[in-house]
Amino acid sequence: MSFKNLHHIKRAFKETDVICIIDKNARILYYNNYNDIHNKLGTEEVVGKPFLEVYPWLDWETSTALKVLKTGEAVVNQPQVMQLDDGTEVNSINTAFPLKNEEGILGVVFLSYDINSIVSTAEAESKSKHEHNLGSKYQFSDIITRNAEVMRIIAQLKRAAKYDSNILIYGETGSGKELFVHSIHNASKRASKPFISQNCAAIPKNLMESLFFGTTKGSFTGSEKKKGLFELANGGTIFLDEINSMPLSLQAKLLRVIENGRVRRIGGRKEYKTNVRIIASTNEKMDDLLNTNKIREDLFYRMSVVNVEIPPLRDRKDDIKVLADHFINDFNSKFSKNIEGIDTKVEKIFLKYSWPGNVREFKNCIEAAFINSADESKIRPEDIPKYILKKTGSAKDYKNLEFKAVNKLSLKENIKELEKHLITAALKETGNNISQAAEKLSISRQSLYNKLEKYGFKLP
């Protein structure tokens with residue numbers, strides 16, 4: 001497990017109310033509830049049970065832990081409304097990290113703590129002039145690109161970061177919208193203030209209003225006096241991911257907050273001042289949102305003072321090589337390997353593929369190749385996921401590389417037979433062209449000549 005932001009990790013453990021570890025099958029291996037905040041269950045009642053049995057109001061889309069289990073990506077300081085046994089709702093902040101080895105994801109460490117504890121910590125740190133930035137991890141320097149359009153967008157957002165204007169970002173799933181949003185906050189004068197990110201599609205619509213605007217005691221059964229995200233983010237930035245999933249009725253209330261800078265908790269009469277910058281994102285094109293009435297026109301124009309579209313990876317193929325080198329460097333460190341790059345044939349496949357999952361899919365592809373690679377110096381076509389080979393029409397080029405081990409032979413003898421098999425296949429595909437066969441095998445011409453002599457090959 002690798003942690004990029006040790007400051008957030010230390011604070012997460014310090015303030016945690018619940019620590020839970022689940023395995024790759026989403027079954028609970030470890031559970032410790034320090035403050036009885038979420039469920040009044042003991043460790044012995046929970047360990048061994050499916051995660052969704054203990055948290056039945058969650059699912060694979062709304063649960064922070066299950067999202068990390070599915071994507072393999074850490075989630076830090078994700079606001080979420082939790083339900084107690086008696087039906088009471090609690091605003092919490094969840095953090096989850098994947099547990100991995102060379103074979104893939106093993107499970108997830110999940111931490112949850114009452115959002116009120118964050119307020120106390122933030123206020124205390126503010127008084128002592130310490131940073132209390134919640135969850136923003138990335139800088140503009142973390143965005144890897146050589147693409148002219150992406151570099152233009154970075155320059156535009158660097159300028160916009162200096163001001164408090166609202167920003168609306170469109171990008172397909174996996175295109176890196178969150179990276180840009182974090183960078184905007186960290187380049188702004190609000191960088192030392194709270195950054196709170198909320199995926200509007202990840203929480204039930206009936207809980208969304210109380211999460212954003214807070215509650216008063218007795219406003220509904222079991223409700224307590226609690227600040228909402230807009231009060232908690234005062235002075236900082238709120239990132240509303242997938243704002244197109246927000247109900248139109250709530251969009252109207254959000255518009256009022258933008259216009260007058262005040263929020264009113266559910267069931268309350270008092271209005272609270274809030275000074276926040278709002279950055280929103282959507283994975284649907286702007287015109288489509290308006291045409292399908294998924295976003296109010298007045299809110300759209302309020303939000304899109306600065307309006308950018310992150311190009312998908314298929315439109316920035318000049319980034320393929322630089323992204324591959326970047327991810328290979330990361331995974332070399334993580335998996336203790338020494339892969340130098342991608343084979344030229346692999347680069348052609350990558351350039352041909354459309355990457356519907358964008359940079360996120362590309363990163364997962366490189367990780368899969370590391371797991372599949374037999375410690376070669378370069379990633380080869382047979383290392384990358386088969387579905388990519390099939391969709392690019394490349395699978396047929398490698399089917400003749402199939403090899404069945406012979407039981408009566410030792411491991412060393414089988415390895416020799418496999419090497420002879422691969423050399424034979426490469427020579428056959430290239431018409432006995434030594435240079436092309438060596439390139440296909442990712443070895444030098446001299447190495448191939450040496451192997452031909454070693455195994456007694458006779459070329460025409």
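Which crossing does H8 make as it passes H10, left-handed or right-handed? Keep that question in mind, everyone, and we will come back to it in a few minutes. Hello, and thanks for having me. What you see above is a predicted model, so please treat what I say as a description of that model.

Let's begin with the whole chain. It has 460 residues, and 49% of them count as buried. Its secondary structure comes to 19 helices and 14 strands. Now think about contacts between residues at least 6 apart in sequence: 65% of these join residues at least 24 apart.

Next, the inside. The largest nonpolar core has 32 residues, and the members that touch the most others are Phe212, Phe230, Leu240 and Leu254. Several elements give two or more residues to this core, including strand S6 (167-170), helix H9 (229-232), strand S8 (237-241) and helix H12 (297-303). Helices H8 (205-213) and H10 (248-260) are also among those elements. Which of the elements gives the largest share? That is H10, with five residues.

Let's zoom in on Phe212. You will find Phe212 in helix H8. Is Phe212 buried or exposed? Its relative accessibility is 1%, so Phe212 counts as buried. And what surrounds it? If we set aside residues up to four places away in sequence, Phe212 touches Gln198, Cys200, Gly228, Leu229, Phe230, Leu240, Met246 and Leu250. Here is a distance you can check on the screen: Phe212 and Glu231 are 19 residues apart along the chain, and their C-alpha atoms are separated by 8.5 Å.

The buried residues of H8 are Leu207, Met208, Ser210, Leu211, Phe212 and Phe213. Just past the end of H8 comes Gly214, which takes a positive phi of about 85°.

Now back to my opening question. H8 passes H10 in a left-handed crossing. The two axes come within 11 Å and cross at roughly 10°. An angle under 35 degrees counts as roughly parallel, and H8 and H10 are therefore roughly parallel to each other. Which residues meet there? From H8 we have Met208, Glu209, Phe212 and Phe213, and from H10 we have Leu250, Lys253, Leu254 and Val257. Sorted by class, this contact has six nonpolar residues, two charged ones and no polar ones.

A handy reminder for reading lists like these: an α-helix has 3.6 residues a turn, so residues three or four places apart point the same way.

On the H17 side, Glu419, Ile423 and Leu427 make the contact, and on the H19 side, Leu448, Lys451, Leu452 and Lys454 do. By class, that gives four nonpolar, three charged and no polar residues.

Let me return to one of the neighbours of Phe212, namely Gln198. Gln198 sits in strand S7 (residues 195-199). With a relative accessibility of 1%, Gln198 counts as buried. Gln198 and Glu242 are 44 residues apart in sequence, but from C-alpha to C-alpha they are 8.9 Å apart in space.

Glu242 deserves a look of its own. It is found in the loop between S8 and H10. Glu242 is not a glycine, and yet it has a positive phi of about 55°. Another non-glycine residue with a positive phi is Asn358, where the value is near 60°. Asn358 is found in helix H15 (residues 358-372). Asn358 has a relative accessible area of 0%, so it is buried.

My last stop is Leu157, in helix H6 (residues 148-161). At 0% relative accessibility, Leu157 counts as buried. Beyond residues up to four places away in sequence, Leu157 touches Phe140, Ile167, Phe180, Ile184, Val306 and Val308. Take Ile184 from that list: Leu157 and Ile184 are 27 residues apart along the chain, with 6.6 Å between their C-alpha atoms.

Note on methods: Residues are numbered from 1 along each chain as its sequence is written. This is a predicted model: local features need pLDDT of at least 70, side-chain atom pairs count only at pLDDT 80 or more; totals for chains, interfaces and linings use all residues. Side-chain values use heavy atoms; hydrogens and water are left out. A nonpolar core is a set of buried Ala, Val, Leu, Ile, Met, Phe, Trp, Tyr and Cys residues joined through side-chain atoms within 4.5 Å. Buried means under 20% relative accessible area, exposed over 50%, partly exposed in between (1.4 Å probe, protein chains only). Helices (H or I, at least four residues) and strands (E, at least two) are DSSP runs, numbered from the N terminus. Contact means heavy atoms within 4.5 Å. Axes are lines fitted to C-alpha atoms, for helices over the stretch in contact, and angles run from 0 to 180 degrees between N-to-C directions. Angles under 35 degrees count as roughly parallel, over 145 as roughly antiparallel, 65 to 115 as roughly perpendicular and the rest as oblique. A crossing is left-handed if the near helix is turned anticlockwise from the far one by less than a right angle, and right-handed if clockwise. Ala, Val, Leu, Ile, Met, Phe, Trp, Tyr, Cys and Pro count as nonpolar, Asp, Glu, Lys and Arg as charged, and the others, Gly among them, as polar.
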